[in-house]
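Hi everyone, thanks for coming. Let me walk you through a structure that may be new to you, starting with a pair of charged side chains.

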Amino acid sequence: MAVTMHELAAISKQIIRFNQHPSGSYVACPLFSHYTFSWLRDGSFIAYSMDIAGDREGSAKFHDWVNQVLTRLKDRVEALLQKHQRGEPIAQHEFLHTRYHLDGRDDEHSEWGHFQLDGYGAWLWGLAWHWNQSGLTSVPESFRTSVELTIRYLSAFWMQPNFDCWEERNDQIHASTLACIYGGLTSMRPYINDPSIDEVTGSIRKFLLEHCVDRQTGSFVKSIRPADNGQYEVSYAGVDASLMWLCEPFQVFSVDHPIMSATLDKLRTDLKSDQSGVRRYAGDEYYGGGEWILLTAWYGWIEYKAGRREQAEAALEWIVRQADALGRLPEQVPHAPTDIYKQWVERWGTPATPLLWSHAMYLVLYSQLYG
């Protein structure tokens, strides 16, 4: 029996709460071995959904967990910042990791794409949101070390090539990663009296406009790569659905900004299916490049904010149809069951289910429409 949209909201809350570790971390997916870790990026959006759904205690526990992880890594970050200041090269494996064991230990023994900056920016944004909703107007002393450390880390390394949000293309700079950093730093600005933050965020916005735009289509591009002449070259000119982050929630550009508008138009043409599901990017081979629950919810979120409720409702209804009989949402559904999809199933099993980030973004869109 299919679940209703209201039942799915209740189930989503239950799944997220049940899969929060006693430490406060959120497992990405409890039944998919490669995802039995906690990502700062996924977790920050999951915590955000819990704040919206009224579970501030769960959100607070997650932020406390990240605070403890980063405080433990203080000496490591200081060493990285000192090497950067001296102009010494830093290998990618030296940087902070993108995911951690549920108890907070480093993930030292995998070949995952570890150097990512998006999660640290997303965490600052989510933490600021949580504080704002809790009525806090200043940084709690217990968080000062981790917050100031993260701000310094992002301010120093935002131009460093690193893995994108899909753990790919580690030799490139990604517009969606810059959006996360921008959003995190601007969100923390009311809590941190440091004008240098404004310089960094201004530089990020200028960098996006100068280097991350396809001059033919007038839309933002997925990724760029540093060139030998000190400039940058576009490494992937197409759109990636994560470019929506430039608009919501990090608000680097408004939905009606000409380049943002052109990007969303291209996304609708290139990545959105007739049934309303949204893919990551053209040419995606992970499980055959299916339609992602969380990206479809993101698209609905933007459409709702732009005053197009009908499109937002269509996105929500599509997501509801993807839930299984227990109300569990996968990471993605096959756009078409191709040979590539079958190869991934043989290699890793069916797509991750339930994916907590999928349930979280469903709650975000559901709250927009019916909260």
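R189 and D198 meet through their side chains in a salt bridge, at 2.9 Å from N to O. By salt bridge I mean a side-chain nitrogen of Lys or Arg within 4 Å of a carboxyl oxygen of Asp or Glu. R189 has a relative accessible area of 22% and D198 has 39%, so both count as partly exposed (buried is under 20%, exposed over 50%, partly exposed in between, with a 1.4 Å probe and protein chains only).

A quick word on the source: this is a predicted model, where local features need pLDDT of at least 70 and side-chain atom pairs count only at pLDDT 80 or more, while totals for chains, interfaces and linings use all residues. Residues are numbered from 1 along each chain as its sequence is written, and side-chain values use heavy atoms, with hydrogens and water left out.

Back to our charged pairs. By this rule there are 28 salt bridges. Another one links D171 with R225, with the closest N and O atoms 3.2 Å apart. D171 sits in the loop between helix 6 (144–157) and strand 3 (173–174) and R225 in strand 6 (residues 223–226), so this pair ties together parts 54 residues apart in sequence. Helices (H or I, at least four residues) and strands (E, at least two) are DSSP runs, numbered from the N terminus. D171 is partly exposed, at 37%, and R225 is partly exposed too, at 26%. Finally, E88 and R86 meet in a salt bridge at 2.6 Å, N to O, and E88 is partly exposed, with 33% relative accessibility.
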